[in-house]
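Subject: Structure handover and notes

Dear colleague,

Here is the structure I promised to pass on to you. Please open it alongside this message, and my notes follow below.

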Amino acid sequence: MAEFCVRISVEFVADIIPKIWISCARANKRPFLFNFISMQQYAFLFFCLATFSTFGFLACKHDPSLTPGDPNNPGDPPLVTADCNPDSVYFQNQILPILVSNCTESGCHNAQDHQDGVVLISYQSLVSTVENATENDFHENKLMRMILENDDDDRMPPPPKSALPQAQINLLKTWLAQGGQNNACDENFGGCDISNATFSAFVQPLVQGRCQGCHSGSNPQGNIKLTSYAEIKTVALNGKMYAALTRSSNWMPKGGAKLDDCSLQKIQAWIGAGAPNN
Ligand code: HEC
């Protein structure tokens with residue numbers, strides 16, 4: 001979709017702008033920017049600019065590859081930057097999956113159960129149901145206060161679940177330090193490269209970030225544990241993983257955005273190679 005957007009933009013610049021320019025200039029009888037601009041010409045200039053910005057806006061307003069058909073968070077349009085800057089943390093790519101995976105299982109903070117009024121399925125639900133959720137002060141910010149709580153009885157996620165892994169806490173902290181915005185980036189900017197679709201570089205981090213919150217511990221959801229390589233391999237090779245990721249309703253990650261096409265291709269390639277521990 002990003003490619004589509006870029007293509008539209010290129011076509012827009014190469015094709016449509018000159019046409020509008022020519023018709024505007026023609027209507028003015030001479031190229032208007034090189035002459036003294038009359039009131040009438042001001043009106044044309046305004047019209048041209050308005051047309052440009054409307055076209056640009058329509059072409060690039062939403063990038064569906066970044067909010068892929070997620071029925072749970074319509075109207076959660078992120079601030080999209082094209083490629084992913086390794087120094088930045090992105091809400092839609094990195095933070096929301098942590099919340100969905102660790103906090104939204106049955107009985108917890110999904111739209112139906114909304115424990116304590118808290119819903120953690122989108123940026124909008126986060127900021128509207130959690131006090132100071134984007135504040136970089138961990139005492140004020142209730143999300144961070146609950147996650148960092150030392151007392152097991154008060155901590156989120158609650159026992160028997162363990163506390164969030166340090167790596168995920170660090171991502172949250174960096175995201176807040178960078179402004180706690182609803183940002184997103186295109187992980188496949190420049191095309192889908194499946195050559196790095198190994199277990200360690202791709203599958204394991206994906207499962208850790210998007211699946212383990214529900215599929216780990218003493219009471220894994222659906223009775224499926226996805227913590228060790230052996231467990232992940234079993235579900236990969238018996239066909240359940242790919243089927244669960246691609247079904248048209250109730251897909252995995254449950255309650256989260258469907259994985260983008262490139263991620264699915266990478267998983268398919270890894271499974272097709274026999275789900276190696278590479
Ligand atoms: C918010 C909790 C949650 C998250 C996150 C989640 N799952 Fe699940 N998963 C469930 C539940 C609940 C079930 C059992 C009922 C169902 O299928 O909805 C399940 C079932 C499954 C099944 C069995 C499906 C079947 O048809 O037998 C697989 C495979 C699976 N999940 C894989 C994954 C993968 C892979 C991810 C990460 C990309 C993931 N899940 C993320 C909650 C979750």
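In what order do the elements of the chain run from the N terminus on? They run α-α-β-α-α-α-α-β-α-α-α-α, which comprises ten helices and two strands, where helices (H or I, at least four residues) and strands (E, at least two) are DSSP runs numbered from the N terminus.

Please keep in mind that this is a predicted model, in which local features need pLDDT of at least 70 and side-chain atom pairs count only at pLDDT 80 or more, while totals for chains, interfaces and linings use all residues. Residues are numbered from 1 along each chain as its sequence is written.

Of the 278 residues of the chain, 29% count as buried; a residue is buried if 20 or more other C-beta atoms, placed from the backbone, lie within 10 Å of its own, exposed if 12 or fewer, and partly exposed in between.

**The ligand shell**

The ligand is surrounded by 22 residues, of which Cys 211, Cys 214, Gln 221, Gly 222 and Met 252 are the closest; a residue is counted here if its C-beta atom, placed from the backbone, lies within 6 Å of the molecule. Helix H3 (91-103) and helix H9 (240-246) each supply at least two residues of this shell, and the largest share, four residues, comes from H9. Domain 2 (89-184) and domain 3 (194-272) each contribute at least three residues to the shell, with domain bounds that come from an automatic or database domain assignment.

**The nonpolar cores**

A nonpolar core is a set of buried Ala, Val, Leu, Ile, Met, Phe, Trp, Tyr and Cys residues joined through C-beta atoms within 7 Å. The largest one has 29 residues, and those with the most contacts inside it are Phe 91, Ile 95, Leu 99, Leu 120, Leu 126 and Trp 175. Two or more residues of this core come from each of H3, helix H4 (123-129), helix H5 (142-148), helix H6 (166-177) and strand E2 (183-185), and H3 gives the most, with seven residues. A second, separate core of 13 residues includes Ala 197, Val 203, Val 207 and Ile 267.

**Helix H8**

In H8 (residues 229-237), the buried residues are Ile 232, Val 235 and Ala 236. Seen down the helix axis, these buried residues of H8 fall within an arc of 105°, taken from the directions from the axis to the C-beta atoms, so they line one face of the helix. They pack against helix H7 (199-210), H9 and helix H10 (261-272), whereas Ala 230 and Leu 237 are exposed on the other side of H8. After H8 comes Gly 239, whose phi is positive, near 85°.

**Backbone points to check**

The loop between H5 and H6 holds Pro 157 and Pro 160. The peptide bond from Met 156 to Pro 157 is cis, with omega near -10°, and a cis peptide bond also joins Pro 159 and Pro 160, with omega about 10°. Asn 150 is found in the loop between H5 and H6 as well, and counts as exposed because it has 7 C-beta neighbours inside 10 Å.

His 114, in the loop between H3 and H4, has a positive phi near 25° although it is a residue other than glycine, and it counts as partly exposed, with 16 C-beta neighbours inside 10 Å. Ala 275, in the segment after H10, likewise has a positive phi, near 50°.

With best wishes

Technical notes. Two residues are in contact if their C-beta atoms, placed from the backbone, lie within 7 Å.
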